[in-house]
Amino acid sequence: MKKKITPSTLASESVSNPTAMPLAARGSIKVMKTSYFTPSVIGAGYGVYTDKACTQAVGALWIGTVGKNYDVASNLPLGTYYVKEFYAPEGYELDEEVYMVKLTQNGQMAVVNSVEPTTEPHGNIRVVKSTYFNDPVVGTGFGIYCALEHNVDTLWMGLDGGNGDTSVDLPFGTYYVKECYTLDGNVPDEDIYSVTLKEDGETVVVNSVGPTAKPHGNIKVCKASYFNDPVVGTGFGIYNNKDCTLEHNVDTLWIGLKGDDSDISIDLPLGTYYVKEYYTLADNYADDEIHTVTLANDGDMVTVTSIAPTKKRSWKCQGCKEIKLICPRNWRRIRNIQR
């Protein structure tokens, strides 16, 4: 519910006597209001308070009344203030967040950036940044663009205490996500992720893995079938322990997602890994073999090739000992077998 507050109920100056403190020891609070929806925000009201409960008001700011998306509370004594929206224009939700602002001798201008939640259909984009080198990802930045030159939001990893960040409410449409700031010790993620928002309230997650400048290698898994059956959707786990349990999983590869019969891991620290198929297509038997892979040198690329045993009828050639429909070497069917 919107608070019944009007400009007349907000004192213009009640913290202290304006003459009790020199102008040099005073500051300003600038509140910016942003919306990626049309029409633009006009008439949003913000109060400036001296208490966190937002009951002791010292000023009122009105966004858009002078043709700009901000308003400024000036000539405030140094100290701590709280800013909160008390009036939302029609078509928008009230921003319930209370913004704490500190005016100090070295920071006499504080800026509050508020994004207007909307009642119009919208979606969000969440970017999650991961690294298997246990390097921090706090501070890595991703831009969201509605065209490759037009930034509509910037996400910073780790600000919410995790390794991700979520966008403001965005109108339906296609957006592009790209890393714009990279921590020292990592290589920028050069991929441009295309995201389409088309359902009200949906949140699309972009998973980015931090390429590293440290010594590392990669594992490539190839999946083959003697029957030319598709292997798209077959899943392989990469583990750092031979028991191949979930807690030791460091990457998951899905065959065929890039249009071929293989997939490549993220950059992995040097060491020994174990590769095992954990998801199998309905017409195939699972590959139960655990493939051991050692990455010993920086830049190593080790390939694991897995053959898909089939549940279909097949023949084993006495000449080449391979299971195929027709042996390419002898061109005869020797023995009908069932797996």
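Ala, Val, Leu, Ile, Met, Phe, Trp, Tyr, Cys and Pro count here as nonpolar, Asp, Glu, Lys and Arg as charged, and the others, Gly among them, as polar. The model is predicted: local features need pLDDT of at least 70, side-chain atom pairs count only at pLDDT 80 or more, and totals for chains, interfaces and linings use all residues. Residues are numbered from 1 along each chain as its sequence is written, and side-chain values use heavy atoms, with hydrogens and water left out.

**Exercise 1.** Describe the lining of the second largest pocket.

Solution. 
- Step 1. A pocket is an open set of points on a 1 Å grid over the protein atoms alone, where a 1.4 Å probe fits, with protein on both sides within 12 Å along at least five of seven lines; lining residues have an atom within 4 Å of a point.
- Step 2. The volume of the second largest pocket is about 420 Å³, and of its 15 lining residues Asn113, Ser114, Val115, Asp153 and Val168 are the closest to the centre.
- Step 3. Sort the lining of this pocket by class: six residues are nonpolar, six polar and three charged.
- Step 4. Strands are DSSP runs (E, at least two residues), numbered from the N terminus. β10 (150-156) is among the strands that supply at least two lining residues, and β10 gives the most, with four.

**Exercise 2.** Locate the salt bridge between Glu179 and Lys129 in the chain and state whether its two residues are buried or exposed.

Solution. 
- Step 1. A salt bridge is a side-chain nitrogen of Lys or Arg within 4 Å of a carboxyl oxygen of Asp or Glu. For Glu179 and Lys129 the N to O distance is 2.8 Å.
- Step 2. Glu179 belongs to strand β12 (residues 173-181) and Lys129 to strand β8, 50 residues apart.
- Step 3. Buried means under 20% relative accessible area, exposed over 50%, and partly exposed in between (1.4 Å probe, protein chains only). Both Glu179 and Lys129 are buried.

Note on methods
Grid points are joined across faces, edges and corners, and a volume is the space filled by probe spheres set on the points.
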